[in-house]
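Q: I have this one open in the viewer and would like to go through it piece by piece. Could you take my questions as they come?

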Amino acid sequence: MITDPPPATSGAPAATPAPSADPAPVLSVRDLTVTYRTDSGPVVAVERLSFDVAPGETLGIVGESGSGKSAATMAIMGLLPRNARAEGSVRLHGRELLDLSDRELRPIRGRQIAVVFQDALAALNPMMTIGAQVAEAVGVHDASQDRRALRERTVDLLDLVGIASPRERVDRYPHELSGGMRQRVMIAMAIANEPALLIADEPTTALDVTVQAQVLDVIERVQDRTHTSVLLITHDLGVVAGIADRVMVMYCGRKLEESPVDPLFHQPAHPYTTGLLGSLPRIDRRAERLVQIPGRPPLPSERPTGCPFQPRCAHAVPEICGAPDTPLLAVDATHTTACVRHHEIGSVKR
Amino acid sequence: MTDSAAARIAASQAPTAPTPASGEPAPTAPARNGDKPRYRIVLARFLRHRLAVVGLFILTALAVACFGADWIAPYGHNHQDLLLGAQQPSSGHWLGTDSLGRDYLSELLFAGQVSLAIGICVALLSTVVGTAVGAIAGFAGGWADEVIMRVTDLFLIVPAIAVLALALQAVGSSPSTIVLVLSALGWTMIARVVRAQVLTLRNKEFIQAARVIGASNARIVVRHLLPNLTGVIAVNVSLAVASAIILESTTSFLGFGIQPPQSSWGNMLSQAAGLIGTSQAYLLYVPGLAILITVLAVNFVGDGLRDAFDPQGRQ
């Protein structure tokens, strides 16, 4: 769609190893567990999740609804609802975020970590002009700027994200702009303070396909300019193939596979990833029907011990896959999988 | 009148409306409300509501007549002509005179000053207090919300008239104490409404987005929540004006409120009540009608405001 997944030549060796994670990651998440207290008992949304984001890197997090990707980001921002609790460690430039109070987090939010939401119309205040909202993103952290300087900065930002005639648009209300324009405004707000980390939570899901490509282009262009790291959350593998450097596949709150983009598409090392790739429409293959993964994700209360994917997995062997607390296995230096049988399954046919 | 006013607004808009920029990479969706700034949209919607415009006109006329009574009223405040006594309406005294020979029209206008001022002050004061309390309760949640809402519940079961009578006995019934007591009783309604609105708004994504850019709670409430409550608050002000005028009239009629020689529509009503059975019983209708017309007009304006601020309202 955006760019096709690279054609898979099954069995081919992994492409050139991607640059390994920087020794000093921007964001470092270790054993992050997010638990919701509900009337029917605790629900684990994210389970012992660990990952790093290197400076300037784009990490794609892929997973379907309920896989815990949004809960993980909200935990990073310290914006979980009251009935949720995050344990583990989230470090930004080595500083632990989970221990900080709301007041201590405020200077970090929007200045060091910024978020682009999925639905820009819902995420923009309907009663404020877009210019006022972009200016607020700057002014919240820097009260020293006067009104005129703030307005100039706002116009520059709108220009940077590709909004034509920004000087006129700055006084428009969100409902007067198209979906793509609104998403650009969100991006302008997010990059206003040149954050170290930009979390893009399904930034293109609500947009037309043609506009999706433009918005991704804006994110890439901005990233080139500001060297921001991007955490791209999506369920769209096409988007990931387009702009991510590395990919993390999540399912039922757990990381199933993590790899640079090319090896993941060429040689998925987890049957779930294989299933996801198999369900994509391909323009280079003739297929009557798209392949789907049988079954549906288990409810949090019905998750099996061991691999969460085993009830739906064609390769599952209960004695092996049901073992609790299996560690992540290295496929190679940069590629890890949670599938204990990945060697036996081999490079799974797509 | 409404149509021509709306047409004027539309006409004044037309030439200034900027055309959509060409060479746009993404097709611009047709803007739902054209290029009008928001206040213009609200104004145009309000002007389309005929009864609201009539109500606003009546209110303006009443306010001008009452607060300009020093210049407009045919006779001065409490100007007595004891030799004249009670008179039927005539060209000299359009509404006649009372038993002290005071011109009844002049009395009505001066009394209106007190009634309208009390209505407006109570509405503003109780709305400010109620909005603040409701916003804090809804936004903070938790125990603060519990405590505040239980207090407002308490106000629901307290008989307002009895409390009013006791409180005014205790602190004296000057117009300012009446305003304070009525406001103290009246803030709970708006507090409940604002709290309910804040509860739905605070889970909206744009509030979350404001947190994400690092906005403090105070900034979120003032800059993001309250502007989205403008319609609710404006409607409440108008309703509160109406209920405050009625409550003041009730207390004055019962004798706890404004005391002679000061007059309000309520105590004019109370004095006229003594004339039932005489040829001057019609004097009962004059302050009564003034109250009725004011309250109706205020309610129409409130109706128009609600429609004008409704974000779902059609252009």
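Q: Let's begin with A:Cys252, is that residue buried or exposed?
A: In this predicted model, A:Cys252 is buried, because 24 other C-beta atoms lie within 10 Å, and the cut-off for buried is 20 or more.

Q: And where in the chain does A:Cys252 sit?
A: A:Cys252 belongs to the loop between strand E9 (246-251) and strand E10 (254-260) of chain A. Its phi is near 55°, which is a positive value in a residue other than glycine.

Q: What about A:His227, what is phi there?
A: Phi of A:His227 is near 55° as well, again a positive value in a residue other than glycine. A:His227 lies in the loop that runs between helix H8 (209-226) and E8 of chain A.

Q: Buried or exposed, that histidine?
A: A:His227 counts as exposed, because it has 12 C-beta neighbours inside 10 Å and the limit for exposed is 12 or fewer.

Q: Since E8 came up, which strands make up the sheet it belongs to?
A: In chain A, eight strands form an open sheet with mixed pairing, in the order E6-E7-E8-E3-E9-E10-E12-E11. E6 and strand E11 (329-332) of chain A are at the edges with a single partner strand each, so one side of each has no neighbour in the sheet. On average, and with direction ignored, neighbouring strands of this sheet are turned by 20° against each other.

Q: How does E7(A) pair with E8(A)?
A: Strand E7(A) and strand E8 (residues 229-234) of chain A run parallel and are joined by five bridges. Within that pairing, A:Leu198 is opposite A:Val230 of E8(A), and A:Ala200 is opposite A:Leu232 of E8(A).

Q: And how many bridges link E6 to E7(A)?
A: Strand E6 (residues 113-116) of chain A pairs with E7(A) over four bridges, also in the parallel sense. A:Val115 has A:Ile199 of E7(A) as its bridge partner.

Q: Why call E7(A) largely enclosed?
A: Strand E7 (residues 197-201) of chain A has five of its five residues buried, so it is largely enclosed by the rest of the structure. A:Leu197, A:Ile199 and A:Asp201 point one way from E7(A), while A:Leu198 and A:Ala200 point the other way, and all are buried. In general, side chains of a regular strand alternate between the two faces of the sheet.

Q: Now chain B, how do H8(B) and H11(B) lie, roughly parallel or antiparallel?
A: Helix H8 (residues 175-201) and helix H11 (residues 230-254) of chain B pack at an angle of about 150°, and their axes are 10 Å apart. H8(B) and H11(B) are therefore roughly antiparallel to each other, and H8(B) passes H11(B) in a right-handed crossing.

Q: Which residues make the contact?
A: On the H8(B) side they include B:Ile178, B:Leu182, B:Gly186 and B:Gln197, and among those of H11(B) are B:Asn236, B:Ala240, B:Leu247 and B:Glu248. By class, the contact of H8(B) with H11(B) has nine nonpolar, three polar and one charged residues.

Methods: Residues numbered from 1 in each chain as written. Chains lettered and ligands numbered in written order. Predicted model: local features only at pLDDT ≥ 70, side-chain atom pairs only at ≥ 80, totals over all residues. Axes fitted to C-alpha atoms, helices over the stretch in contact; angles between N-to-C directions. Helix = DSSP H or I, 4+ residues; strand = E, 2+ residues; numbered from the N terminus. Parallel < 35°, antiparallel > 145°, perpendicular 65-115°, else oblique. Left-handed = near helix turned anticlockwise from the far one by under 90°. Contact = placed C-beta atoms within 7 Å. Nonpolar A, V, L, I, M, F, W, Y, C, P; charged D, E, K, R; others polar. Pairing = 2+ DSSP bridges.
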